[in-house]
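Reader: Hey, could you walk me through this one? I'm new to reading structures.
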Amino acid sequence: MNDAPDLELHRTAAEPEFPPPARRPAGMWIAIAVLVVAACTAGYIAFVWRRPPPTQAAVSRPAAAAATPTPPLGGKGESIALPPLDATDTLVRTLVQALTESPAVMAWLPTNGLIRNFTVVVANIADGPTPAKHLKVLRPAAPFRIVSRDGGIFVDPRSYDRYATIADAIASVNAAGAANLYATLKPRIEDAQRDLGSADSFDRTLERAIVILLNTPAIDGSERLKPKGIGYGYADERLESLTPAQKQLLRMGPRHVRVVKAKLREIALALGIPASHLPAA
């Protein structure tokens with residue numbers, strides 16, 4: 001699992017330890033990123049070349065109905081004056097505080113560049129690269145542990161407990177409020193998207209990210225590991241071939257994966273993503 005150096009499963013001769021976590025947990029931004037996390041069917045709008053109509057007058061066909069425009073995700077946000085992108089942190093903190101009282105979220109809010117960070121994390125999840133370097137604040141304080149049994153290597157269940165605070169922060173997010181917050185801040189999120197060099201609608205990027213995470217398979221904690229580089233990878237190639245973001249989600253453990261995916265689905269529906277666009281629960 002060396003694709004996520006900030007969250008990878010390290011191994012050494014002794015029990016490995018991660019550096020102490022930063023004092024700014026990013027549970028909220030993952031929840032709104034992992035929105036909103038924060039994603040495939042409607043990932044892009046397809047434009048199809050149409051053949052010209054038949055020239056024979058006798059062949060009369062009703063005109064095709066115009067395609068229904070995709071409604072903007074989140075609906076209509078609050079009518080407030082948004083400052084320039086690089087001056088939005090104070091406003092974001094005020095709006096986020098209305099969504100959750102999670103101590104982890106409150107501790108994270110002093111982070112600078114909240115909208116830019118959210119935008120790049122969602123884009124990474126949607127497009128493939130690991131977002132780990134943008135989520136260093138998620139490093140657990142406790143060491144990663146393994147157990148050996150039946151001739152195999154497995155994750156020690158205590159390792160999953162390290163993510164309880166993050167899972168609780170995500171579970172605390174009000175889905176309707178998160179959708180409204182997204183709609184309110186969308187003009188500046190789109191600004192940040194353009195600064196990344198993308199002309200795509202961020203709505204589509206966000207939907208792709210959500211669907212990718214919801215497509216993460218369920219685990220039960222019995223998955224075998226294998227040595228990989230200085231860490232461990234999944235012995236099951238089906239799991240090892242998942243995207244970096246999906247594997248990072250699996251590292252939170254079975255219960256936390258269920259919590260995150262349930263909240264993501266709730267937020268997706270609150271945003272207005274049709275249930276038919278989402279993987280089956």
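Predicted model: local features only at pLDDT ≥ 70, side-chain atom pairs only at ≥ 80, totals over all residues.

Reader: Ok, so which loop is D150 in?
Author: D150 sits in the loop between β1 (146-149) and β2 (152-155). Its phi is positive, about 50 degrees, although D150 is not a glycine.

Reader: Is D150 buried or exposed?
Author: D150 is exposed, with a relative accessible area of 68%. Buried means under 20% relative accessible area, exposed over 50%, and partly exposed in between (1.4 Å probe, protein chains only).

Reader: How many helices and strands does the protein chain have?
Author: The protein chain has 11 helices and 4 strands. Of its 281 residues, 51% are buried.

Reader: Switching to packing: what angle do α4 and α8 make?
Author: Helix α4 (residues 114-127) packs on helix α8 (residues 202-214) at about 60 degrees, and their axes are 8 Å apart. Axes are lines fitted to C-alpha atoms, for helices over the stretch in contact, and angles run from 0 to 180 degrees between N-to-C directions. α4 and α8 are therefore oblique to each other; angles under 35 degrees count as roughly parallel, over 145 as roughly antiparallel, 65 to 115 as roughly perpendicular and the rest as oblique.

Reader: And which residues of α4 and α8 meet?
Author: In α4, F118, T119, V122, A123, I125, A126 and D127 meet F202, T205, L206, R208, A209, I212 and L213 in α8. Contact here means heavy atoms within 4.5 Å.

Reader: What about α7 and α11, what's their angle?
Author: Helix α7 (residues 175-195) and helix α11 (residues 254-271) pack at about 50 degrees, with their axes 8 Å apart. That makes α7 oblique to α11.

Reader: Which residues meet there?
Author: From α7, A175, A176, A178, A179 and Y182 meet E266, I267, A270 and L271 of α11.

Conventions
Residues numbered from 1 in each chain as written. Heavy atoms only, no water. Helix = DSSP H or I, 4+ residues; strand = E, 2+ residues; numbered from the N terminus.
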